[in-house]
Amino acid sequence: PPVFRRSQVWTGGFDAAFKYDGFYALAEYIVRQTAQITPTTPDLTDYGWFVQAQYFFGSDTPNRGFEILGRWSQIDLDGSGVTVGTDTAVNDITAGVNYLFNGHRLKIGANYTYRIETVKAANNVYDQIAQVQFTAIF
């Protein structure tokens, strides 16, 4: 018969936002605690967070102009803390620019992300990601 692994999961989060004139900032932190009922299996604590800031340079036409942004984030996928070197984490550092034609309803944006992925603290992966996106909301 199949063996079902039982656990108790607790998840919590906190976020904060700030807006003043053309400046906007946002931060968030989340945590998930998995308590194993089986005594031989270690408990797990996963977490993630990000901070983001952007500034809108408007024009004489309302809801039109450039916006620059920056973001730094991390997610720790299996931070058990039981054995050194078992963590797998992804860190992203992103910079971008948007041009808004009609606010966020019609815009084009481009960003660049430098990603550091730590796998079991020995096999780091470094990626560079470029994205271009067009948004139209009707």
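Visitor: At 39% relative accessibility, what does Arg 32 count as?

Guide: Happy to start there, with a word on the model first. It is a predicted model, in which local features need pLDDT of at least 70, side-chain atom pairs need 80 or more, and totals for chains, interfaces and linings use all residues. Residues are numbered from 1 along each chain as its sequence is written, and side-chain values use heavy atoms, leaving out hydrogens and water. Buried means under 20% relative accessible area and exposed over 50% (1.4 Å probe, protein chains only), so at 39% Arg 32 counts as partly exposed.

Visitor: Which residue forms a salt bridge with Arg 32?

Guide: A salt bridge puts a side-chain nitrogen of Lys or Arg within 4 Å of a carboxyl oxygen of Asp or Glu. For Arg 32, the closest N and O atoms of the pair are 2.5 Å apart.

Visitor: How many salt bridges does a search of the whole structure find?

Guide: Besides the pair of Arg 32 and Asp 46, Arg 115 forms one with Asp 92, with closest N and O atoms 2.7 Å apart. Arg 115 lies in strand 6 and Asp 92 in strand 5, so this pair ties together parts 23 residues apart in sequence. The search of the whole structure gives a total of two.

Visitor: Of Arg 115 and Asp 92, which one counts as buried?

Guide: Arg 115 has a relative accessible area of 26%, so Arg 115 is partly exposed. The other residue has 12% relative accessibility, and the buried one is Asp 92.

Visitor: What is the order of the strands in the sheet?

Guide: The protein has zero helices and seven strands, and its pattern along the sequence reads β-β-β-β-β-β-β. The sheet is open, with antiparallel pairing, and its order is 1-2-3-4-5-6-7.

Visitor: Which are the edge strands?

Guide: Two strands pair if DSSP finds at least two bridges between them. An edge strand here pairs on one side only. The edges are strand 1 (7–20) and strand 7.

Visitor: Which residue in strand 6 is the bridge partner of Asn 91?

Guide: Strand 5 (88–100) and strand 6 (106–119) are antiparallel partners over 13 bridges. Looking across to strand 6 from Asn 91, the bridge partner is Ile 116.

Visitor: Which strand gives the most to the lining of the largest pocket?

Guide: A pocket is an open set of 1 Å grid points over the protein atoms alone where a 1.4 Å probe fits, with protein on both sides within 12 Å along at least five of seven lines; lining residues have an atom within 4 Å of a point. This one is lined by 14 residues, with Asn 98, Lys 107, Gly 109, Asn 111 and Gln 133 nearest its centre. Strands 4, 5, 6 and 7 each supply at least two lining residues. With five residues, the strand that gives the most is strand 6.

Visitor: Which strand gives the most to the lining of the second largest pocket?

Guide: The lining of this pocket includes Lys 19, Tyr 24, Gln 54, Tyr 55, Phe 56 and His 104. Three lining residues come from the strand that gives the most, strand 3 (residues 44–58).

Terms used
Helices (H or I, at least four residues) and strands (E, at least two) are DSSP runs, numbered from the N terminus.
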